[in-house]
Number of protein chains: 2
Amino acid sequence: MINIAILGFGVVGSGVAEVISKNSKELAARLDGEELNIKYILDKRTFPDHPLGSRVTDDIDKIINDEDVFLVIETMGGLHPAYDFSKKALLAGKSVITSNKEVVASCGAELLSIARSNNIGYLFEASVGGGIPIIRPMWQCLAANKIIRIAGILNGTCNYILTKMEKEKTDFETALKEAQELGYAERNPSADVEGMDTCRKISILTSLAFGKHVYPEKIQCEGITDITYDDILFARNRGYAIKLLGTSKMASDGKVYVLTAPFLVSEDNEIAGVNDVYNGISVEGNVVGDVLFCGRGAGSLPTASAVMADVLDVIRDCRKTIGWKNEEADFLGDISNNVTDFYIRTKADENKIKEVFGNVKVEKSGDNSVFFAGKTSQKEIEEKIAKLGFDTVKIRVLD
Amino acid sequence: MINIAILGFGVVGSGVAEVISKNSKELAARLDGEELNIKYILDKRTFPDHPLGSRVTDDIDKIINDEDVFLVIETMGGLHPAYDFSKKALLAGKSVITSNKEVVASCGAELLSIARSNNIGYLFEASVGGGIPIIRPMWQCLAANKIIRIAGILNGTCNYILTKMEKEKTDFETALKEAQELGYAERNPSADVEGMDTCRKISILTSLAFGKHVYPEKIQCEGITDITYDDILFARNRGYAIKLLGTSKMASDGKVYVLTAPFLVSEDNEIAGVNDVYNGISVEGNVVGDVLFCGRGAGSLPTASAVMADVLDVIRDCRKTIGWKNEEADFLGDISNNVTDFYIRTKADENKIKEVFGNVKVEKSGDNSVFFAGKTSQKEIEEKIAKLGFDTVKIRVLD
């Protein structure tokens with residue numbers, strides 16, 4: 001019998017308990033018949049009617065000090081006390097498995113280093129893409145590649161809203177409200193719609209791909225609150241979908257450019273077809289070319305599926321070396337030098353636009369002017385938009 | 001220094017050598033600085049001008065008997081002597097990594113069992129989907145799931161031909177010829193277009209998902225040679241793409257139904273958008289839901305990327321337990337009882353059709369009648385087609 005503890009009995013934590021009970025046969029088959037036993041559940045609440053109600057405790061030290069507990073699953077969310085408890089567990093020699101992207105993005109290097117020193121695991125497959133296999137495939141299956149580029153739809157809420165806006169010809173606020181009613185968006189949706197969640201996830205994928213911790217606060221982050229239905233329509237009529245992406249790419253100057261922002265994505269690109277609450281992550285390696293991973297990026301059971309993959313790996317002692325180091329990320333490029341095509345929507349008139357942007361093809365969209373600015377650095381586009389002097393929105397076109 | 005041998009210096013074998021040289025830094029980083037050395041290349045030909053020309057030998061025993069050779073990469077293709085050499089190497093205690101789907105599909109259980117007894121690895125990530133991570137994600141990342149269904153575009157040649165037929169409004173023969181000219185199809189294309197290649201790959205994925213060897217000759221296999229442009233057009237106008245799929249599903253009777261055949265795939269299904277030479281594999285688990293893996297399913301470097309992932313795993317001693325057993329696959333259902341909707345194209349007239357199929361909606365397509373037969377077992381549809389007594393083609397609709 002292998003004793004484990006779950007920290008936090010919310011959506012993901014209870015999903016983990018459900019999978020352990022539901023698929024006990026499959027799990028035992030991978031553990032040479034050994035059974036998993038949830039010895040403790042850490043939560044401030046009590047669950048008197050739950051079959052595991054008697055396992056619930058609010059005392060982290062009881063778990064940490066119990067030598068029978070082989071590993072700890074952290075599904076609390078939020079930075080504190082999730083980080084503190086994880087560190088405590090690792091220092092006590094217990095492997096930690098987490099679905100908590102906030103802790104991994106902000107403190108991953110430190111926790112990975114403690115895990116390495118103690119010859120145990122700190123694993124986080126569930127922190128990006130819910131149940132979609134992405135951390136392990138990137139780390140193991142693409143290990144012989146130099147990663148050149150990552151572009152991912154990493155937030156199901158935003159993807160649902162953008163899909164909804166297009167399907168129902170509606171604006172951002174209406175689509176957000178509907179997403180909230182269906183439980184796809186939180187009452188306070190800012191971490192999703194302003195891009196912070198995507199930013200944490202691209203921080204994790206970038207750190208994994210390049211081996212050094214890239215902290216989320218170093219990543220420029222734009223959300224989808226400015227996107228209108230007319231933007232989506234304009235893009236679609238020209239063969240593009242609008243998607244919120246986390247992107248990072250290794251440029252020819254040897255620097256890595258990381259960005260969270262809405263993009264126009266060509267319909268020829270597979271991720272343009274990833275809709276609703278689905279996530280899709282495209283990874284380009286220098287030998288494998290493009291590979292794409294898709295699926296539900298959140299939810300109780302899908303996320304629990306990823307957590308349990310890590311649990312099995314820790315028990316089978318298979319992945320102690322995964323991760324990255326906390327060296328200075330000196331390969332990080334200045335994103336304001338990054339060059340892409342831009343779609344521009346502005347209240348400025350055609351003459352003013354041509355004065356600033358030269359001979360671009362300007363069209364009307366409602367009472368706005370819209371056009372593609374052509375390949376421009378972010379710095380230059382911002383200077384030009386300042387010169388325009390009107391209410392103006394820019395959206396990048398994915399290369 | 002870790003000494004390895006490559007059996008077969010063709011497309012994949014030379015790709016492996018290229019990746020080892022091209023990405024030596026990335027590989028060394030995963031091997032704590034240890035270097036890989038290609039000590040032998042087995043081939044009947046000589047390569048006097050190649051930098052590794054001096055490593056080429058035609059004597060397998062020289063490789064098997066060299067205790068310095070830690071592992072063997074088999075990229076020969078074909079059943080013999082690839083199977084015999086692999087077995088020899090495993091019996092001599094050397095791990096074997098292969099891209100050879102024919103050997104894995106026909107002799108996997110035996111070779112896996114030898115590897116298990118000798119506590120070494122027989123790994124085959126490159127045997128399905130080229131460089132797309134699929135074997136390892138299914139085995140490790142979805143390990144906590146009961147697999148419910150697999151549906152995969154597993155043959156890039158067929159997918160290229162079907163995409164070409166639609167784009168250029170052309171027939172099968174013309175698209176095949178073009179694929180041959182571009183090197184996407186072999187001079188003798190029958191293993192691809194008649195479905196045998198897909199059949200081998202779904203045999204491997206099904207064995208992996210359900211833990212027992214399902215041999216390709218037990219899998220019903222239909223190719224794409226009967227598909228016309230009019231079929232594709234009819235399907236598209238109703239929201240479907242036509243794709244050659246390898247499928248297996250766990251039905252409610254506890255049996256697994258495996259099939260290789262062209263299917264109408266709804267455009268809502270992500271794999272309908274996987275075009276050209278790309279492969280796409282959808283896997284449904286009972287907790288994760290649907291996940292999709294896409295990428296180039298063949299080619300020298302992509303396939304070498306998958307081979308090298310296995311090489312790194314063997315060296316890091318991480319995956320000895322992967323695979324399945326050679327028990328009788330008594331869970332295999334009789335595919336003729338399998339029920340799907342069918343698209344039917346026939347020379348029979350509407351009266352005759354309604355006499356046999358009842359009140360279906362019959363339309364004209366060229367000089368054929370076409371219609372959907374509704375949910376029918378394969379057995380029943382074959383009986384009905386026999387009653388029609390005319391030249392008739394059936395294509396399944398994917399649920």
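Mentor: Welcome! Before we look at the sheet, one definition: two strands count as paired if DSSP finds at least two bridges between them. Keep in mind that this is a predicted model.

Trainee: Thanks! What is the order of the strands in the open sheet of chain B?

Mentor: The open sheet in chain B has six strands, and their pairing is parallel. Reading across it, the order is E3-E2-E1-E4-E5-E6.

Trainee: Which strands of chain B stand at the edges of that sheet?

Mentor: Look for strands that have a single partner, because one side of such a strand is left without a neighbour in the sheet. In chain B this applies to E3 (56-57) and E6 (122-123).

Trainee: Which helix of chain B lies across E1, E4, E5 and E6?

Mentor: Follow chain B to residues 300-315, a helix that runs at about 165 degrees to E5(B). The helix lying across those strands is H12.

Trainee: How many nonpolar, polar and charged residues are in the contact of H13(B) with H14(B)?

Mentor: The axes of H13 (residues 350-357) and H14 (residues 378-388) of chain B come within 10 Å and cross at roughly 145 degrees, and the crossing is right-handed. H13(B) brings Lys352(B), Ile353(B), Val356(B) and Phe357(B), while H14(B) brings Lys384(B), Lys387(B) and Leu388(B). Sorted by class, that contact has four nonpolar, no polar and three charged residues.

Trainee: On to the two chains. How do the residues of the side of chain B that touches chain A divide by class?

Mentor: Here 40 residues of chain B are in contact with 40 residues of chain A. Helix H2 (24-30), helix H6 (135-141), strand E12 (289-296) and H12 of chain B each supply at least two residues of that side of chain B. The division is 22 nonpolar, nine polar and nine charged.

Trainee: Which residue in E12(B) is the bridge partner of Gly295(A)?

Mentor: E12 (residues 289-296) of chain A pairs with E12(B) in the antiparallel sense, over five bridges. Within E12(B), the bridge partner of Gly295(A) is Val291(B).

Trainee: What kind of axis relates the two copies?

Mentor: Chain B superposes on chain A by a rotation of 180 degrees with 0.0 Å of shift along its axis, at an RMSD of 0.0 Å. The same surface serves both copies, as 100% of the contact residues of chain B recur in chain A. The copies are therefore related as by a two-fold rotation axis.

Conventions: Residues numbered from 1 in each chain as written. Chains lettered and ligands numbered in written order. Predicted model: local features only at pLDDT ≥ 70, side-chain atom pairs only at ≥ 80, totals over all residues. Helix = DSSP H or I, 4+ residues; strand = E, 2+ residues; numbered from the N terminus. Contact = placed C-beta atoms within 7 Å. Axes fitted to C-alpha atoms, helices over the stretch in contact; angles between N-to-C directions. Left-handed = near helix turned anticlockwise from the far one by under 90°. Nonpolar A, V, L, I, M, F, W, Y, C, P; charged D, E, K, R; others polar. Least-squares fit on C-alpha atoms with pLDDT ≥ 70 in both.
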